[in-house]
Amino acid sequence: MMTRAWRTKRFVTSLVVFTTVAVLAMLGGGIGGAAAAGQAPQTGGTMTVLETSGFAGAWPMGLDPATDTSDAADDPYMEAIYGDLFQPGNGGKMIPDLATGYKFTNSGKSVEIFLRHGVTFQDGTPFNAAAVAWNITRDLDPKNACICDSSFPVSSVTTSGDHTVVLHLKQVFAPIIGAFAEQAPDWIASPSAYQKMGEKAFASKPVGAGPFEVSSDVLNSTLVLKKFPSYWQKGHPYLNSLVFKTIGNDESAVEAMEAGDAQFEQFTATYSVVQAAQKNPKLHVDTIQGAGPLGIQMNTAIAPFNNIKAREAIYYATNSQALNKVLSGGQGILTESMDGPGSLFPELKVPGYRTYDLAKAKALVHQLGGLSFTILGGATNPTGTEALVSEWAAAGMNVKITTVNLAQLVAAFQNKSWQLTLDGAGSPDPAIGLAGMSWRVESNAPFTGIHNAYLDKLINEGTGTLNMAAREKIYKQIFHYLSEQALLAFTYTAPGYNIASPTAHGPGISGNQVIPSWQDAWVSG
(Lines give C-alpha, C1' and ligand atoms only; values in the text may rest on other atoms or scores of the structure.)
Protein backbone atom coordinates (compact mmCIF):
# COMPACT_ATOMS: atom_id res chain seq x y z
CA MET A 1 0.00 0.00 0.00
CA MET A 2 1.38 3.42 -0.96
CA THR A 3 1.81 5.86 1.91
CA ARG A 4 0.04 9.19 2.30
CA ALA A 5 3.43 10.91 2.06
CA TRP A 6 4.05 9.18 -1.27
CA ARG A 7 0.66 10.34 -2.54
CA THR A 8 1.41 13.92 -1.45
CA LYS A 9 4.70 13.73 -3.32
CA ARG A 10 2.82 12.61 -6.41
CA PHE A 11 0.46 15.59 -6.09
CA VAL A 12 3.37 17.99 -5.58
CA THR A 13 5.48 16.77 -8.49
CA SER A 14 2.46 16.84 -10.76
CA LEU A 15 1.53 20.34 -9.59
CA VAL A 16 5.00 21.50 -10.64
CA VAL A 17 4.27 20.20 -14.11
CA PHE A 18 0.93 21.89 -14.56
CA THR A 19 1.88 25.21 -12.99
CA THR A 20 4.98 25.70 -15.10
CA VAL A 21 5.49 24.08 -18.46
CA ALA A 22 3.40 20.95 -18.84
CA VAL A 23 0.18 22.77 -19.63
CA LEU A 24 2.06 23.84 -22.75
CA ALA A 25 3.25 20.31 -23.38
CA MET A 26 -0.32 19.14 -23.94
CA LEU A 27 -0.43 21.02 -27.22
CA GLY A 28 1.53 18.64 -29.45
CA GLY A 29 0.72 17.99 -33.06
CA GLY A 30 -0.06 14.78 -34.88
CA ILE A 31 1.84 11.58 -35.31
CA GLY A 32 4.32 11.11 -38.13
CA GLY A 33 5.06 14.75 -38.98
CA ALA A 34 6.94 15.93 -42.04
CA ALA A 35 10.69 16.10 -42.29
CA ALA A 36 12.57 19.39 -42.12
CA ALA A 37 11.78 21.57 -45.11
CA GLY A 38 13.62 20.35 -48.19
CA GLN A 39 15.33 17.45 -46.44
CA ALA A 40 14.58 13.75 -46.44
CA PRO A 41 14.94 11.99 -43.07
CA GLN A 42 18.18 10.12 -42.52
CA THR A 43 18.30 6.83 -40.69
CA GLY A 44 20.78 5.88 -38.02
CA GLY A 45 22.73 7.96 -35.55
CA THR A 46 22.08 9.10 -31.99
CA MET A 47 20.22 12.10 -30.64
CA THR A 48 21.01 13.35 -27.14
CA VAL A 49 18.18 15.23 -25.44
CA LEU A 50 18.71 17.40 -22.36
CA GLU A 51 16.13 17.73 -19.57
CA THR A 52 16.64 20.16 -16.68
CA SER A 53 16.86 18.67 -13.20
CA GLY A 54 14.16 20.99 -11.84
CA PHE A 55 11.54 19.73 -14.26
CA ALA A 56 11.63 16.60 -16.41
CA GLY A 57 15.17 15.57 -15.56
CA ALA A 58 14.18 13.49 -12.54
CA TRP A 59 12.51 10.10 -12.40
CA PRO A 60 13.21 8.97 -8.82
CA MET A 61 10.67 6.13 -8.76
CA GLY A 62 11.60 4.77 -12.18
CA LEU A 63 9.41 4.68 -15.28
CA ASP A 64 6.61 2.26 -14.45
CA PRO A 65 3.45 4.24 -15.40
CA ALA A 66 1.49 3.06 -12.35
CA THR A 67 4.11 4.09 -9.78
CA ASP A 68 6.05 6.94 -11.41
CA THR A 69 5.58 9.99 -9.18
CA SER A 70 6.27 12.57 -11.87
CA ASP A 71 3.58 11.60 -14.39
CA ALA A 72 3.43 14.25 -17.14
CA ALA A 73 6.93 15.56 -16.40
CA ASP A 74 8.29 12.21 -17.55
CA ASP A 75 6.23 12.21 -20.74
CA PRO A 76 9.33 12.42 -23.02
CA TYR A 77 10.62 9.10 -21.69
CA MET A 78 7.22 7.46 -21.49
CA GLU A 79 6.31 8.25 -25.11
CA ALA A 80 9.63 6.94 -26.38
CA ILE A 81 9.32 3.65 -24.46
CA TYR A 82 5.57 3.02 -24.45
CA GLY A 83 4.11 5.14 -27.25
CA ASP A 84 0.57 6.39 -26.55
CA LEU A 85 -2.94 5.13 -26.84
CA PHE A 86 -3.87 8.69 -27.81
CA GLN A 87 -1.44 11.52 -28.48
CA PRO A 88 -2.38 15.14 -27.64
CA GLY A 89 -2.96 17.17 -30.78
CA ASN A 90 -3.39 20.83 -31.62
CA GLY A 91 -6.51 22.56 -30.34
CA GLY A 92 -7.10 20.03 -27.57
CA LYS A 93 -7.80 17.18 -29.99
CA MET A 94 -6.59 13.63 -29.31
CA ILE A 95 -4.95 11.66 -32.11
CA PRO A 96 -5.01 7.84 -32.11
CA ASP A 97 -1.63 6.10 -31.91
CA LEU A 98 -1.71 2.58 -30.44
CA ALA A 99 -5.46 3.03 -30.35
CA THR A 100 -7.21 3.59 -33.67
CA GLY A 101 -10.40 5.21 -32.36
CA TYR A 102 -13.18 5.04 -29.79
CA LYS A 103 -16.96 5.07 -29.43
CA PHE A 104 -19.33 5.97 -26.59
CA THR A 105 -21.99 3.34 -25.88
CA ASN A 106 -24.59 2.61 -23.20
CA SER A 107 -25.98 6.16 -23.42
CA GLY A 108 -22.50 7.55 -22.79
CA LYS A 109 -21.74 5.47 -19.70
CA SER A 110 -19.30 3.19 -21.52
CA VAL A 111 -16.55 3.91 -24.03
CA GLU A 112 -15.06 1.35 -26.38
CA ILE A 113 -11.40 1.89 -27.36
CA PHE A 114 -10.28 0.15 -30.54
CA LEU A 115 -6.65 -1.00 -30.66
CA ARG A 116 -4.18 -1.21 -33.51
CA HIS A 117 -3.64 -4.70 -34.91
CA GLY A 118 -0.24 -6.33 -35.38
CA VAL A 119 1.52 -4.57 -32.49
CA THR A 120 3.94 -6.37 -30.17
CA PHE A 121 5.67 -5.35 -26.97
CA GLN A 122 9.44 -5.13 -26.91
CA ASP A 123 9.61 -8.56 -25.23
CA GLY A 124 7.78 -10.11 -28.18
CA THR A 125 4.42 -10.59 -26.41
CA PRO A 126 1.20 -9.32 -28.05
CA PHE A 127 -0.13 -5.83 -27.44
CA ASN A 128 -3.83 -6.56 -27.04
CA ALA A 129 -7.00 -5.66 -25.17
CA ALA A 130 -6.16 -7.87 -22.20
CA ALA A 131 -2.83 -6.05 -21.74
CA VAL A 132 -4.46 -2.60 -21.98
CA ALA A 133 -7.23 -3.54 -19.52
CA TRP A 134 -4.64 -4.91 -17.07
CA ASN A 135 -2.66 -1.66 -17.26
CA ILE A 136 -5.56 0.75 -16.82
CA THR A 137 -6.99 -1.27 -13.93
CA ARG A 138 -3.59 -1.25 -12.23
CA ASP A 139 -3.05 2.47 -12.88
CA LEU A 140 -6.39 3.34 -11.26
CA ASP A 141 -5.89 1.09 -8.23
CA PRO A 142 -6.14 3.49 -5.24
CA LYS A 143 -2.95 2.08 -3.72
CA ASN A 144 -0.98 3.55 -6.62
CA ALA A 145 -2.32 7.06 -5.89
CA CYS A 146 -2.47 8.15 -9.53
CA ILE A 147 -3.24 11.88 -9.75
CA CYS A 148 -5.25 10.94 -12.85
CA ASP A 149 -8.05 9.32 -10.83
CA SER A 150 -10.31 12.39 -10.76
CA SER A 151 -10.28 12.42 -14.59
CA PHE A 152 -11.06 8.71 -14.87
CA PRO A 153 -14.45 8.00 -13.22
CA VAL A 154 -14.10 4.34 -14.23
CA SER A 155 -15.93 1.62 -12.32
CA SER A 156 -14.40 -1.29 -14.26
CA VAL A 157 -12.44 -2.20 -17.39
CA THR A 158 -13.37 -5.15 -19.61
CA THR A 159 -12.49 -6.43 -23.08
CA SER A 160 -14.48 -7.34 -26.17
CA GLY A 161 -12.27 -9.57 -28.27
CA ASP A 162 -8.52 -9.06 -28.67
CA HIS A 163 -8.62 -5.46 -29.90
CA THR A 164 -11.40 -3.65 -28.02
CA VAL A 165 -11.17 -2.33 -24.45
CA VAL A 166 -14.34 -1.16 -22.70
CA LEU A 167 -14.24 1.47 -19.95
CA HIS A 168 -17.39 1.32 -17.81
CA LEU A 169 -17.93 4.80 -16.33
CA LYS A 170 -19.55 5.78 -13.06
CA GLN A 171 -21.34 8.53 -14.95
CA VAL A 172 -21.24 10.09 -18.41
CA PHE A 173 -17.85 11.79 -18.69
CA ALA A 174 -17.35 13.52 -22.04
CA PRO A 175 -13.62 14.34 -21.68
CA ILE A 176 -12.55 10.75 -20.87
CA ILE A 177 -10.36 10.41 -24.00
CA GLY A 178 -8.73 13.79 -23.38
CA ALA A 179 -7.91 12.55 -19.88
CA PHE A 180 -5.37 10.12 -21.36
CA ALA A 181 -3.07 13.00 -22.35
CA GLU A 182 0.26 12.57 -20.54
CA GLN A 183 -1.23 10.40 -17.80
CA ALA A 184 -0.46 6.85 -16.69
CA PRO A 185 -3.37 5.10 -18.50
CA ASP A 186 -2.00 6.35 -21.84
CA TRP A 187 1.22 4.31 -21.46
CA ILE A 188 0.81 0.55 -21.77
CA ALA A 189 3.41 -1.71 -20.18
CA SER A 190 3.99 -5.36 -21.01
CA PRO A 191 2.16 -7.39 -18.34
CA SER A 192 4.39 -10.40 -19.07
CA ALA A 193 7.60 -8.41 -18.54
CA TYR A 194 6.24 -6.85 -15.35
CA GLN A 195 5.24 -10.22 -13.90
CA LYS A 196 8.55 -11.80 -14.89
CA MET A 197 10.78 -8.96 -13.62
CA GLY A 198 8.86 -7.73 -10.58
CA GLU A 199 7.89 -4.15 -9.77
CA LYS A 200 11.31 -2.76 -8.80
CA ALA A 201 13.28 -4.22 -11.69
CA PHE A 202 10.56 -3.30 -14.19
CA ALA A 203 10.58 0.35 -13.06
CA SER A 204 14.31 0.54 -13.82
CA LYS A 205 14.13 -1.18 -17.20
CA PRO A 206 10.51 -0.98 -18.39
CA VAL A 207 9.11 -2.72 -21.47
CA GLY A 208 6.51 -1.08 -23.71
CA ALA A 209 5.43 -1.03 -27.36
CA GLY A 210 6.94 2.32 -28.30
CA PRO A 211 9.66 3.14 -30.84
CA PHE A 212 12.57 2.67 -28.42
CA GLU A 213 13.50 0.10 -25.79
CA VAL A 214 15.63 0.66 -22.70
CA SER A 215 19.33 -0.10 -22.96
CA SER A 216 20.38 1.42 -19.62
CA ASP A 217 18.77 3.60 -16.98
CA VAL A 218 20.56 5.60 -14.28
CA LEU A 219 17.75 7.23 -12.29
CA ASN A 220 17.68 11.04 -12.42
CA SER A 221 20.75 11.10 -14.64
CA THR A 222 20.90 9.23 -17.96
CA LEU A 223 18.43 7.10 -19.90
CA VAL A 224 19.83 5.32 -22.97
CA LEU A 225 17.30 3.92 -25.44
CA LYS A 226 17.88 1.82 -28.55
CA LYS A 227 15.75 1.37 -31.64
CA PHE A 228 12.96 -1.21 -31.34
CA PRO A 229 13.30 -3.09 -34.64
CA SER A 230 9.74 -4.51 -34.52
CA TYR A 231 8.00 -1.17 -33.93
CA TRP A 232 4.58 -1.16 -35.60
CA GLN A 233 5.23 1.85 -37.85
CA LYS A 234 7.27 0.51 -40.75
CA GLY A 235 10.58 2.29 -41.34
CA HIS A 236 10.51 3.92 -37.90
CA PRO A 237 12.13 5.03 -35.73
CA TYR A 238 14.81 6.71 -37.81
CA LEU A 239 17.36 6.95 -34.99
CA ASN A 240 19.46 4.02 -33.82
CA SER A 241 19.51 5.40 -30.30
CA LEU A 242 17.97 8.16 -28.21
CA VAL A 243 19.71 9.39 -25.07
CA PHE A 244 18.15 11.55 -22.35
CA LYS A 245 20.49 13.36 -19.96
CA THR A 246 19.72 15.46 -16.91
CA ILE A 247 21.34 18.89 -16.83
CA GLY A 248 21.37 21.55 -14.14
CA ASN A 249 19.98 24.56 -16.01
CA ASP A 250 19.15 26.04 -19.39
CA GLU A 251 22.46 27.89 -19.66
CA SER A 252 24.38 24.63 -19.31
CA ALA A 253 22.12 22.98 -21.86
CA VAL A 254 22.91 25.60 -24.49
CA GLU A 255 26.64 25.29 -23.78
CA ALA A 256 26.39 21.52 -24.27
CA MET A 257 24.62 21.94 -27.60
CA GLU A 258 27.15 24.52 -28.80
CA ALA A 259 29.94 22.06 -27.91
CA GLY A 260 28.23 19.28 -29.87
CA ASP A 261 27.57 17.16 -26.77
CA ALA A 262 23.79 17.24 -27.27
CA GLN A 263 21.30 18.15 -29.99
CA PHE A 264 18.09 19.17 -28.24
CA GLU A 265 16.70 20.72 -25.06
CA GLN A 266 13.01 20.46 -24.24
CA PHE A 267 11.00 23.02 -22.28
CA THR A 268 13.53 25.84 -22.06
CA ALA A 269 12.10 27.97 -19.28
CA THR A 270 14.66 30.80 -18.99
CA TYR A 271 13.56 33.55 -21.35
CA SER A 272 16.97 35.27 -21.43
CA VAL A 273 18.46 31.97 -22.65
CA VAL A 274 15.77 31.75 -25.31
CA GLN A 275 16.48 35.29 -26.47
CA ALA A 276 20.19 34.55 -26.80
CA ALA A 277 19.51 31.29 -28.63
CA GLN A 278 17.23 33.05 -31.11
CA LYS A 279 20.22 35.19 -32.17
CA ASN A 280 22.62 32.24 -32.30
CA PRO A 281 23.08 30.80 -35.83
CA LYS A 282 24.21 27.49 -34.29
CA LEU A 283 20.81 26.96 -32.64
CA HIS A 284 17.15 26.74 -33.64
CA VAL A 285 14.28 27.84 -31.36
CA ASP A 286 10.69 26.68 -31.71
CA THR A 287 8.01 28.86 -30.10
CA ILE A 288 4.68 27.19 -29.34
CA GLN A 289 1.63 28.90 -27.90
CA GLY A 290 0.16 27.45 -24.73
CA ALA A 291 -3.24 26.02 -23.96
CA GLY A 292 -3.96 27.96 -20.78
CA PRO A 293 -2.94 31.28 -19.24
CA LEU A 294 -1.19 32.39 -16.11
CA GLY A 295 -4.07 32.70 -13.66
CA ILE A 296 -4.54 34.78 -10.52
CA GLN A 297 -6.32 32.65 -7.95
CA MET A 298 -8.03 34.32 -5.02
CA ASN A 299 -9.43 32.57 -1.96
CA THR A 300 -12.99 33.87 -2.01
CA ALA A 301 -13.85 32.17 1.29
CA ILE A 302 -11.82 34.55 3.48
CA ALA A 303 -10.89 38.22 3.62
CA PRO A 304 -10.10 40.24 1.69
CA PHE A 305 -11.27 38.37 -1.41
CA ASN A 306 -14.64 37.34 -0.01
CA ASN A 307 -15.49 40.93 -0.99
CA ILE A 308 -16.11 41.33 -4.74
CA LYS A 309 -14.67 44.86 -4.66
CA ALA A 310 -11.30 43.47 -3.61
CA ARG A 311 -11.42 40.96 -6.46
CA GLU A 312 -12.44 43.68 -8.92
CA ALA A 313 -9.46 45.76 -7.78
CA ILE A 314 -7.13 42.89 -8.72
CA TYR A 315 -8.68 42.69 -12.18
CA TYR A 316 -8.38 46.43 -12.81
CA ALA A 317 -4.84 46.67 -11.41
CA THR A 318 -3.47 43.82 -13.56
CA ASN A 319 -1.89 44.97 -16.82
CA SER A 320 -1.71 41.73 -18.80
CA GLN A 321 -0.23 43.38 -21.86
CA ALA A 322 2.67 44.79 -19.83
CA LEU A 323 3.21 41.43 -18.12
CA ASN A 324 3.33 39.67 -21.46
CA LYS A 325 5.94 42.13 -22.72
CA VAL A 326 8.13 41.90 -19.62
CA LEU A 327 7.88 38.15 -19.03
CA SER A 328 7.58 36.76 -22.56
CA GLY A 329 8.82 39.47 -24.88
CA GLY A 330 5.24 40.01 -26.05
CA GLN A 331 5.10 36.53 -27.58
CA GLY A 332 2.22 35.31 -25.41
CA ILE A 333 -1.47 35.72 -26.27
CA LEU A 334 -3.79 37.66 -23.97
CA THR A 335 -6.89 35.82 -22.84
CA GLU A 336 -9.82 36.54 -20.54
CA SER A 337 -10.81 32.93 -19.90
CA MET A 338 -9.26 29.61 -18.84
CA ASP A 339 -9.05 28.52 -22.48
CA GLY A 340 -6.21 29.86 -24.57
CA PRO A 341 -5.60 29.32 -28.29
CA GLY A 342 -4.53 25.70 -27.82
CA SER A 343 -7.76 24.61 -26.13
CA LEU A 344 -10.96 22.97 -27.32
CA PHE A 345 -13.16 26.00 -26.59
CA PRO A 346 -10.95 29.10 -26.91
CA GLU A 347 -12.48 32.39 -25.84
CA LEU A 348 -9.85 35.10 -25.70
CA LYS A 349 -12.36 37.92 -25.16
CA VAL A 350 -15.16 37.63 -22.61
CA PRO A 351 -17.95 40.26 -22.67
CA GLY A 352 -17.74 42.53 -19.62
CA TYR A 353 -14.33 41.29 -18.48
CA ARG A 354 -12.65 43.91 -16.27
CA THR A 355 -9.49 44.93 -18.11
CA TYR A 356 -6.63 47.11 -16.86
CA ASP A 357 -7.80 50.47 -15.52
CA LEU A 358 -5.52 51.89 -12.85
CA ALA A 359 -7.91 54.71 -11.90
CA LYS A 360 -10.72 52.23 -11.19
CA ALA A 361 -8.35 50.02 -9.21
CA LYS A 362 -7.24 52.96 -7.05
CA ALA A 363 -10.86 54.02 -6.48
CA LEU A 364 -11.81 50.52 -5.30
CA VAL A 365 -8.83 50.33 -2.96
CA HIS A 366 -9.88 53.69 -1.51
CA GLN A 367 -13.49 52.48 -1.04
CA LEU A 368 -12.19 49.43 0.80
CA GLY A 369 -10.12 51.60 3.12
CA GLY A 370 -6.99 49.92 1.79
CA LEU A 371 -6.25 46.45 0.50
CA SER A 372 -3.62 44.26 2.13
CA PHE A 373 -2.94 40.57 1.47
CA THR A 374 -0.24 37.94 1.14
CA ILE A 375 0.64 36.26 -2.13
CA LEU A 376 2.03 32.76 -1.90
CA GLY A 377 4.57 32.22 -4.63
CA GLY A 378 8.00 33.15 -5.76
CA ALA A 379 9.47 29.64 -5.78
CA THR A 380 8.34 28.64 -9.28
CA ASN A 381 7.68 32.06 -10.82
CA PRO A 382 9.62 34.77 -8.96
CA THR A 383 9.77 37.23 -11.85
CA GLY A 384 6.05 37.00 -12.53
CA THR A 385 5.24 37.37 -8.86
CA GLU A 386 7.37 40.49 -8.50
CA ALA A 387 5.98 42.04 -11.69
CA LEU A 388 2.40 41.62 -10.50
CA VAL A 389 3.16 42.91 -7.02
CA SER A 390 4.67 46.02 -8.61
CA GLU A 391 1.49 46.60 -10.65
CA TRP A 392 -0.75 46.12 -7.63
CA ALA A 393 1.38 48.42 -5.48
CA ALA A 394 0.80 51.17 -8.08
CA ALA A 395 -2.93 50.88 -7.25
CA GLY A 396 -2.23 51.39 -3.55
CA MET A 397 -2.33 47.76 -2.47
CA ASN A 398 -0.09 46.49 0.32
CA VAL A 399 1.17 43.11 -0.82
CA LYS A 400 3.46 40.75 1.06
CA ILE A 401 5.23 37.93 -0.77
CA THR A 402 5.66 34.68 1.09
CA THR A 403 7.97 32.40 -0.85
CA VAL A 404 6.90 28.78 -0.51
CA ASN A 405 7.86 25.50 -2.06
CA LEU A 406 5.26 23.29 -3.69
CA ALA A 407 4.70 21.15 -0.59
CA GLN A 408 3.98 24.28 1.46
CA LEU A 409 1.64 25.59 -1.23
CA VAL A 410 -0.29 22.31 -1.25
CA ALA A 411 -0.57 22.46 2.54
CA ALA A 412 -1.90 26.04 2.36
CA PHE A 413 -4.61 24.94 -0.08
CA GLN A 414 -5.53 22.02 2.13
CA ASN A 415 -5.99 24.14 5.26
CA LYS A 416 -7.55 27.02 3.26
CA SER A 417 -5.22 29.55 4.87
CA TRP A 418 -3.99 31.23 1.67
CA GLN A 419 -5.24 34.51 0.18
CA LEU A 420 -3.82 34.75 -3.35
CA THR A 421 -1.47 32.77 -5.57
CA LEU A 422 -0.44 32.45 -9.21
CA ASP A 423 -0.77 29.28 -11.22
CA GLY A 424 -1.25 27.78 -14.62
CA ALA A 425 -4.96 27.90 -15.41
CA GLY A 426 -6.77 26.12 -18.18
CA SER A 427 -6.17 22.91 -20.09
CA PRO A 428 -6.68 21.61 -23.64
CA ASP A 429 -10.03 20.35 -22.34
CA PRO A 430 -11.14 22.75 -19.58
CA ALA A 431 -12.74 19.94 -17.56
CA ILE A 432 -9.61 17.93 -16.86
CA GLY A 433 -6.04 18.08 -15.66
CA LEU A 434 -4.38 19.77 -12.70
CA ALA A 435 -4.97 23.14 -14.32
CA GLY A 436 -8.57 22.36 -15.26
CA MET A 437 -11.87 23.07 -13.55
CA SER A 438 -12.02 19.82 -11.61
CA TRP A 439 -8.86 20.95 -9.78
CA ARG A 440 -9.12 24.76 -9.80
CA VAL A 441 -12.76 25.85 -9.86
CA GLU A 442 -15.13 23.27 -8.39
CA SER A 443 -16.07 23.76 -4.73
CA ASN A 444 -14.51 20.47 -3.66
CA ALA A 445 -11.47 20.70 -5.92
CA PRO A 446 -8.03 20.24 -4.30
CA PHE A 447 -6.68 23.62 -5.44
CA THR A 448 -9.71 25.88 -5.55
CA GLY A 449 -10.49 29.26 -4.07
CA ILE A 450 -14.07 29.20 -5.31
CA HIS A 451 -17.13 27.73 -3.57
CA ASN A 452 -20.14 28.26 -5.80
CA ALA A 453 -23.01 25.81 -6.30
CA TYR A 454 -24.08 27.36 -9.61
CA LEU A 455 -20.59 26.87 -11.06
CA ASP A 456 -20.50 23.30 -9.78
CA LYS A 457 -23.77 22.61 -11.59
CA LEU A 458 -22.43 24.03 -14.86
CA ILE A 459 -19.17 22.08 -14.58
CA ASN A 460 -21.08 18.84 -14.05
CA GLU A 461 -23.23 19.61 -17.08
CA GLY A 462 -20.07 20.21 -19.13
CA THR A 463 -18.59 16.81 -18.34
CA GLY A 464 -21.92 15.03 -18.69
CA THR A 465 -22.68 16.35 -22.19
CA LEU A 466 -21.31 14.45 -25.20
CA ASN A 467 -22.34 16.96 -27.86
CA MET A 468 -19.34 19.23 -28.47
CA ALA A 469 -21.38 22.27 -29.50
CA ALA A 470 -23.44 21.98 -26.32
CA ARG A 471 -20.27 21.58 -24.24
CA GLU A 472 -18.77 24.72 -25.78
CA LYS A 473 -21.89 26.69 -24.89
CA ILE A 474 -21.70 25.48 -21.27
CA TYR A 475 -18.04 26.40 -20.87
CA LYS A 476 -18.63 29.85 -22.27
CA GLN A 477 -21.36 30.26 -19.64
CA ILE A 478 -18.77 29.31 -17.04
CA PHE A 479 -16.18 31.75 -18.38
CA HIS A 480 -18.76 34.54 -18.40
CA TYR A 481 -19.86 33.79 -14.84
CA LEU A 482 -16.25 33.73 -13.59
CA SER A 483 -15.81 37.14 -15.18
CA GLU A 484 -19.12 38.55 -13.92
CA GLN A 485 -18.33 37.58 -10.31
CA ALA A 486 -14.61 38.40 -10.64
CA LEU A 487 -13.70 34.96 -9.29
CA LEU A 488 -10.54 34.08 -11.23
CA ALA A 489 -8.44 36.58 -13.17
CA PHE A 490 -6.46 35.66 -16.29
CA THR A 491 -3.48 37.23 -18.02
CA TYR A 492 -1.90 35.61 -21.08
CA THR A 493 -0.91 32.21 -22.40
CA ALA A 494 2.85 31.95 -22.13
CA PRO A 495 4.67 30.42 -25.07
CA GLY A 496 6.81 27.34 -24.68
CA TYR A 497 10.26 26.96 -26.16
CA ASN A 498 12.42 24.11 -27.43
CA ILE A 499 16.04 24.65 -28.53
CA ALA A 500 17.82 22.40 -31.02
CA SER A 501 21.09 22.25 -32.91
CA PRO A 502 20.91 22.46 -36.75
CA THR A 503 21.57 18.71 -36.97
CA ALA A 504 18.41 17.75 -35.02
CA HIS A 505 15.17 17.33 -36.96
CA GLY A 506 11.61 16.15 -36.57
CA PRO A 507 8.19 17.36 -35.38
CA GLY A 508 8.56 18.99 -31.99
CA ILE A 509 12.29 19.44 -32.60
CA SER A 510 12.62 21.54 -35.72
CA GLY A 511 8.88 22.02 -36.26
CA ASN A 512 6.36 23.89 -34.15
CA GLN A 513 5.03 21.11 -31.95
CA VAL A 514 5.65 20.91 -28.21
CA ILE A 515 5.62 17.13 -27.91
CA PRO A 516 8.23 15.52 -30.15
CA SER A 517 7.30 12.40 -32.10
CA TRP A 518 10.42 10.44 -31.24
CA GLN A 519 9.80 7.88 -33.97
CA ASP A 520 10.11 10.72 -36.50
CA ALA A 521 13.24 12.31 -34.99
CA TRP A 522 16.48 12.15 -36.97
CA VAL A 523 19.94 13.69 -37.14
CA SER A 524 21.77 14.95 -40.19
CA GLY A 525 25.45 14.43 -40.78
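Visitor: Which handedness does the link of Cys146 and Cys148 have?

Guide: This is a predicted model, in which local features need pLDDT of at least 70, side-chain atom pairs count only at pLDDT 80 or more, and totals for chains, interfaces and linings use all residues. Residues are numbered from 1 along each chain as its sequence is written, and side-chain values use heavy atoms, with hydrogens and water left out. A disulfide (a pair of cysteine sulfur atoms within 2.5 Å) joins Cys146 to Cys148, with 2.2 Å from S to S. The angle about the S-S bond is 130°, and the link of Cys146 and Cys148 is right-handed.

Visitor: What is the average pLDDT of the protein chain?

Guide: The pLDDT is the predictor's confidence in each residue, from 0 to 100. In the protein chain, 90% of the residues score at least 70, and the average is 88.

Visitor: How many contacts does the stretch of residues 1–36 have beyond near neighbours in sequence?

Guide: Over residues 1–36 the pLDDT is below 50. Counting contacts as heavy atoms within 4.5 Å, the number that this stretch has in the model, beyond near neighbours in sequence, is 134.

Visitor: Which strands stand at the edges of the open sheet of seven strands?

Guide: Strands are DSSP runs (E, at least two residues) and helices are DSSP runs (H or I, at least four residues), numbered from the N terminus; two strands pair if DSSP finds at least two bridges between them. The sheet has mixed pairing and the order 8-9-10-1-11-20-12. Each edge strand has a single partner strand, so one side of each is left without a neighbour in the sheet; these are strand 8 (212–218) and strand 12 (284–288).

Visitor: What is the bridge partner of Val214 in strand 9?

Guide: Strand 8 and strand 9 (residues 222–227) run antiparallel, and six bridges join them. In strand 9, the partner of Val214 is Leu225.

Visitor: In which loop is Pro237 found?

Guide: The peptide bond from His236 to Pro237 is cis, with omega near -5°. Pro237 belongs to the loop between strand 9 and strand 10 (241–247).

Visitor: Where does Asn106 lie?

Guide: Asn106 is not a glycine, although its phi is positive, at about 55°. Its place is the loop between strand 4 (99–105) and strand 5 (110–115).
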